[in-house]
Amino acid sequence: MEGENEQNRDPQESSEYNSSHRLFMQAMLSHRILEESRAEEIYDNVCVKTNVDKNDFSDFIAVINKEINDVDLALRRSVDQYNSVAIIALVNTKSDEVAKLATTYTPNELAYFKRILELIITADNEAYSISSIAAIREGPKLKSPISQRESQELLAKLVNDQWLKKRRDGYYVLHMRSIIELQDYLKETFEGDVHECLMCMEMVTIGERCSQERCSVRLHLHCAAGYFPEDDNGAAIKCPTCSTSWKRSNKFGGANTSRRSNGHSQTANESEDG
Ligand SMILES: [Zn+2]
Ligand SMILES: [Zn+2]
């Protein structure tokens, strides 16, 4: 009698695309980006609902990726550069991502979004952000102008669709969805203004930078935290590329204004806030 229940389940089923994968994909299609811990919770619920044995989460994701590869989709793991939390995102793997946006945005809306992307990426001093006021004023300047009110509504839509993120100080920055999905477009279009983190080679718009102006080394906050020893007091650490002494306080992309570091005193950049 013991062990009889075990035989009701096909040990093969977890390695094939089944109802559990399908249900999980529905959740990913509606959320697009989830914290990994939340995604694992959803996986737990999905297993209960579909009565499928729980598998290793990575293996589960791998089975889905094998299945959705044909339709140019993939589940990709990353880290949210704004809060250093592990995330999982559903991404299109074709490079002409911006063109695909044409299915949900009018050509004019798309022109506006591209302009906002440009202003964020090319912002002075690698701020990688744009103020609400500046963003709203861009609408009427388009070739086919839209009103400030329409610009405001469109910005809300772009935030809701997870392309942009509105910071507490009212500035717009790139949402992780844009970082992950539009990375190729942004790199091609704004070459020189887009930086890659030296540690993980992913695009970075908030983090630490080398004090040597000609050096291109940029690091995500979480990548820098993993690379440099804690409690260094800034004395002995050096840029991994040019060996200039590295100042942990030398941040960009609003890292000084949007988060408070414990213990370390802040730089003068705080005046940007509010
Ligand atoms: Zn990194
Ligand atoms: Zn350097």
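View 1. The buried residues of α2 are covered by elements including α1 (19-31), β1 (33-35), α3 (57-68) and β3 (86-92). Helices (H or I, at least four residues) and strands (E, at least two) are DSSP runs numbered from the N terminus. Numbering of residues starts from 1 along each chain as its sequence is written, and chains are lettered from A and ligands numbered from 1 in the order in which they are written. Because the model is predicted, local features need pLDDT of at least 70 and side-chain atom pairs count only at pLDDT 80 or more, while totals for chains, interfaces and linings use all residues.

View 2. A39, Y43 and V46 are the buried residues of α2 (buried: 20 or more other C-beta atoms within 10 Å of the residue's own; exposed: 12 or fewer; partly exposed: in between; C-beta atoms placed from the backbone). They lie on the same side of α2, because they cover an arc of only 65° around the axis, taken from the directions from the helix axis to the C-beta atoms. An α-helix has 3.6 residues a turn, so residues three or four places apart point the same way. Exposed residues S37, E41, D44 and V48 are on the face turned away from the buried side of α2.

**View 3. The end of α2.** Just after α2, N51 has a positive phi of about 60°.

**View 4. H21 in helix α1.** H21 is located in helix α1 and counts as buried because it has 22 C-beta neighbours inside 10 Å. Its C-alpha atom is separated by 6.3 Å from that of I64, 43 residues apart along the chain.

Conventions: Two residues are in contact if their C-beta atoms, placed from the backbone, lie within 7 Å.
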